[in-house]
Amino acid sequence: MAITKNEILEKVYKARSDEEKRAAYDNWANSYDADVKGFGIQLPYVGASIFSQFVPLDTVPILDAGCGTAMHTIPLRLAGFNEFHGIDISDRMLEIAANHEVYNSLQRMVLGEELEFETNFFAATYCIGAMGPGHAPPECLNEFVRVTQSGGQIVFSTHSTESELAIPYHDLRTSLSGDGLWRKIYETPPFVSMPKGDAKIKHVIYVYEVN
Ligand SMILES: C[S@@+](CC[C@H](N)C(=O)[O-])C[C@H]1O[C@@H](n2cnc3c(N)ncnc32)[C@H](O)[C@@H]1O
């Protein structure tokens with residue numbers, strides 16, 4: 001029996017261990033682009049639009065965290081941004097990303113663990129569609145702040161705070177602001193991110209600047 005769209009989403013959202021997360025995306029990688037386009041995916045394009053609006057065009061280098069197949073980075077390369085360094089938990093997603101030739105480097109790394117980059121290495125960080133249940137945990141935000149230079153932007157999405165799924169991410173965002181480590185520049189209104197996949201799922205894209 002053919003797998004339905006919602007079964008695909010349920011499967012990736014319910015992955016708990018890093019091994020389950022890696023396996024979920026390794027198994028999905030071949031049909032990922034076609035499937036999410038079929039879901040009417042909005043995140044890569046809304047993300048690219050927000051990124052272009054708030055990050056100067058000459059910003060280098062850029063961390064692309066949870067880079068997947070590069071769907072969200074292709075429009076930014078076309079817009080003139082350069083020097084993306086992609087990381088992802090899934091080797092298969094990284095292989096597909098490599099085929100698009102939009103990255104200066106691609107490495108397997110796990111968001112939520114300490115990243116193998118020096119402090120203040122990146123001028124901006126971009127993480128779209130990679131945080132949430134079955135994906136990167138909130139703690140990856142600490143590492144984004146560590147590896148991004150002062151004055152650099154961190155552009156990322158989470159589930160909308162209308163959903164309890166967003167609470168741990170919201171709590172850490174707020175506490176990083178309270179600790180004076182970053183400040184919020186912009187947030188989109190909640191929007192339906194996969195209208196033909198699951199119209200109940202809403203995301204928000206945030207822009208923070210590191211202090
Ligand atoms: C929904 S896809 C989004 C891909 C890409 N950012 C885009 O917008 O097209 C989520 C990606 O996050 C990756 N991912 C999930 N959990 C991760 C983790 N803990 N560490 C690194 N990558 C992770 C998956 O392998 C997958 O490639």
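A pocket is here an open set of grid points, on a 1 Å grid over the protein atoms alone, with protein on both sides within 12 Å along at least five of seven lines. In this predicted model, the largest pocket holds about 290 Å³ of space. Its lining comprises 15 residues, of which Y13, H159, L165, D198 and I201 are the closest to the pocket centre. Helix α1, spanning residues 5–13, gives the most to this lining, with four residues. By class, the lining of the largest pocket divides into six charged, five nonpolar and four polar residues.

A cavity, in contrast to an open pocket, is a set of points where the probe fits but cannot get out. One cavity of 30 Å³ or more was counted in the predicted model. About 580 Å³ of space lies in the largest cavity. A total of 39 residues line the largest cavity, and those closest to its centre are Y25, I128, G129, A130 and H135. Helices α1, α2 (residues 18–38) and α3 (residues 43–54) each supply at least two residues of this lining. The largest share comes from α2, which contributes six residues.

The largest cavity is the space taken by the ligand. Around the ligand, 19 residues form the surrounding shell, and G66, D88, I89, L111 and I128 are the closest of them. I128 also belongs to the residues closest to the centre of the largest cavity. The shell is made up of twelve nonpolar residues, six polar residues and one charged residue.

The side chain of H72 places an N or O atom 3.4 Å from a ligand nitrogen atom.

Terms used
Residues numbered from 1 in each chain as written. Predicted model: local features only at pLDDT ≥ 70, side-chain atom pairs only at ≥ 80, totals over all residues. Heavy atoms only, no water. Near = heavy atom within 4 Å. Polar contact = N/O pair within 3.5 Å; in protein donor to acceptor, adjacent residues only side chain to side chain. 1 Å grid on protein atoms, 1.4 Å probe; cavity = no way out; pocket = protein on both sides within 12 Å on 5 of 7 lines; lining within 4 Å. Sits in = over half its atoms within 2 Å of the grid points. Nonpolar A, V, L, I, M, F, W, Y, C, P; charged D, E, K, R; others polar. Points joined across faces, edges and corners; volume = space filled by probe spheres on them.
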